[in-house]
Protein chains: 2
Amino acid sequence: MNAGETGRGGQMAAEIAEQPAVLDRLLRDGVAEIAGVARLVAARRPRFVLLAGRGTSDHAALYAKYLVEVRLALPAGLVSPSTMTVYGARPDLRDVLFVAVSQSGGSPDLVDSLASARSCGATTVAVTNNPSSALAAGAELHVDVRAGTERAVAATKTYTAELLALYLLFAGVAEAAPDPAVAALPDLAAGLLADDAPVAELASRYRFADRLVTTARGYSYPTAREAALKLMETSYLSAQAFSGADLLHGPLAMVDEVMPVVAVVPAGRGGRAMAPVVERLRERGADLVVVGGGDEVGARTASGEAALPLPRVAEELSPVLEILPLQRLAWHVAVSRGADPDRPRALSKVTETW
Amino acid sequence: MNAGETGRGGQMAAEIAEQPAVLDRLLRDGVAEIAGVARLVAARRPRFVLLAGRGTSDHAALYAKYLVEVRLALPAGLVSPSTMTVYGARPDLRDVLFVAVSQSGGSPDLVDSLASARSCGATTVAVTNNPSSALAAGAELHVDVRAGTERAVAATKTYTAELLALYLLFAGVAEAAPDPAVAALPDLAAGLLADDAPVAELASRYRFADRLVTTARGYSYPTAREAALKLMETSYLSAQAFSGADLLHGPLAMVDEVMPVVAVVPAGRGGRAMAPVVERLRERGADLVVVGGGDEVGARTASGEAALPLPRVAEELSPVLEILPLQRLAWHVAVSRGADPDRPRALSKVTETW
């Protein structure tokens, strides 16, 4: 932990630093439970998957949507909870797997959506950090992400724990062995977090920014979304995340020389699909920083352009690592601006929405 | 048309003004074709619906997602085209209805996604403004929104035509007669567009803003998304749209006294669900403007607070009207800042993404 991190933002800093241990615990203590849930789900042979979450957990749900579509080869959708809670929809959910993701397991709209889904015939799974929560109690099956109590309002360790738990869950449902590289994630995460100086330097670049764009494609798009949310809730920047393709369909017009852009470019197909996006951003003169394990990042680092290189892992696993320096980035920007990332203005830890 | 609208931004102004005639034409000439497509779709008894679009058409697809979930009582998802085009996913799409929405019908990723979906067993429908497009040719069924050639880069008339076409399509699939109020939409739209002074006044409020938040819930959430996109692409504001519930899960922290917020509050359930959101925004001291047909809007107007009241229609139809003053708002802000909304920097009419 760096100097000063036991003061303002000390909780968020401590929880970011805990992540290697959290991932390690989940791999040691959680794998058997998750495999059991996965077997029960696989036996139902779901034909469609619905995923629900809010805030940070919505980004974990979005990551799971890519896993479901690509690895399970099933159609999937992100739930708009309001259709059930506000409009009272009672959809036919036979053959549907409904997965709700929530750190607290306490948001009433998720609890109610899951209860509705269950009564409409869905197989329900809650992925939470609280096995005694209403969401866990309401679901047929529960996955505990075992991240330990999270006190900072800005979620960090529960996000990476949710990602890894969802990866393990859907590998199990696909009846595929997890990539052996998962075992290396705790050490890779520790190595990344130990190397904080480049992130602190990058944070100084954004000290006076009041808007910013993040972008990625595929598995890493949730990273862009989560990084933007961290910057919004801790540093009060208007941070906007776009899939690389959506960025070109309109929002690119607002990008100019004073627009900071963070592009996440992992090794693999999603990263390669970012090449034309990075090219268009370069043409626009954007203030571009590239983060990830892709060749693009290495090439930029070599040419002295702004970049944060990350270890190369399978693309499906890269989101677990990519977010770590971006959490630290949000922390640094917040603290440098005099904000307290543990207690963002206007927010509390459990947000109740209906 | 106002003075000066034949110059810079003249195309976008003309296309905004055409919308009453476009809606009228669709109701006269398109209804039978759409009813025929709906009958064929209903006969297949789809169990899940996937919707695909980019940019403005993605917002029309999001509107359709609410229709499907609430009115058809079927689970639905928005497609991430990259899972098929970048990752090569070949999902099992038997019993799935796949609807692709695109003004031009020409974006390669949509054409490829639809072709993949069709070969994976889905019933495919293209909703486009170009019956001779690749997307229309690739789909089993086609709905022509009949908006006439759209020349301005910022889509306007094709958006409301897509909304109405999707409304008619899914009313047909649900084997329900459309709300008789649809017949009144062209006149209501004309009345709204004739009353431009309050919108011009509102635009002057945002002349110097470089960021802005839009928010709504349910059927009107696509309105918030589309209004934000119009402001981004024509006026280069960092305009961020949030569902009212998601706004409270983090992004609220960045809202303060100098953050402009446009809340869309229709009459009906989605509008009523916005009451706690509007209350939290008021507590935060946000620079709030409320738009719509809800009671909230009337109350604010009566008390002299900033509001744009709209005609009351059934909540499912309100998005067709809500976007009209917000299109005009984007136009006014762009022109007042010296931008040309017909030719936003960095964009062309047909965006090709893969």
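Q: A disulfide is a pair of cysteine sulfur atoms within 2.5 Å. How many disulfides does a search of the whole structure find over all chains?
A: This is a predicted model, in which local features need pLDDT of at least 70 and side-chain atom pairs count only at pLDDT 80 or more, while totals for chains, interfaces and linings use all residues. Residues are numbered from 1 along each chain as its sequence is written, chains are lettered from A and ligands numbered from 1 in the order in which they are written, and side-chain values use heavy atoms, with hydrogens and water left out. Over all chains, the number of disulfides found is 0.

Q: About how much area do chain A and chain B bury between them?
A: Contact here means heavy atoms within 4.5 Å, and 73 residues of chain A are in contact with 74 residues of chain B. Buried area is the accessible area (1.4 Å probe) that two parts lose on being put together, summed over both. Carbon and sulfur atoms carry 54% of the total, which comes to about 5,700 Å².

Q: Which three residues supply more of the area that chain A buries against chain B than any other three?
A: Let's look at the chain A side of the pairing. Together the trio gives 14% of the area that chain A buries against chain B. Its members are A:Arg47, A:Tyr87 and A:His249.

Q: How many salt bridges does the rule find across the interface of chain A and chain B?
A: A salt bridge is a side-chain nitrogen of Lys or Arg within 4 Å of a carboxyl oxygen of Asp or Glu. A:Arg345 and B:Asp256 make one, with their closest N and O atoms 3.5 Å apart. Across the interface, the count is 6.

Q: Which element of chain A gives the largest share of the side that touches chain B?
A: Helices (H or I, at least four residues) and strands (E, at least two) are DSSP runs, numbered from the N terminus. Elements giving two or more residues to this side include helix 3 (56–72) and helix 10 (221–235) of chain A. The largest share is 5 residues, and it comes from strand 7 of chain A.

Q: Is A:His142 buried or exposed?
A: A:His142 lies in strand 5 (residues 141–144) of chain A, and its side chain joins that of A:Thr128 in a polar contact of 2.8 Å. A polar contact is a pair of N or O atoms within 3.5 Å; within protein, one must be able to donate a hydrogen and the other to accept it, and residues adjacent in sequence count only if both atoms are side-chain atoms. Buried means under 20% relative accessible area, exposed over 50%, and partly exposed in between (1.4 Å probe, protein chains only). The relative accessible area of A:His142 is 17%, so this residue is buried.

Q: Why does the salt bridge of A:Asp295 and A:Arg312 tie together separate parts, and how many residues apart are they in sequence?
A: The closest N and O atoms of A:Asp295 and A:Arg312 are 2.3 Å apart. A:Asp295 lies in helix 14 (residues 295–302) of chain A and A:Arg312 in the loop between strand 10 (307–309) and helix 15 of chain A, so the parts that the pair ties together are apart in sequence by 17 residues.
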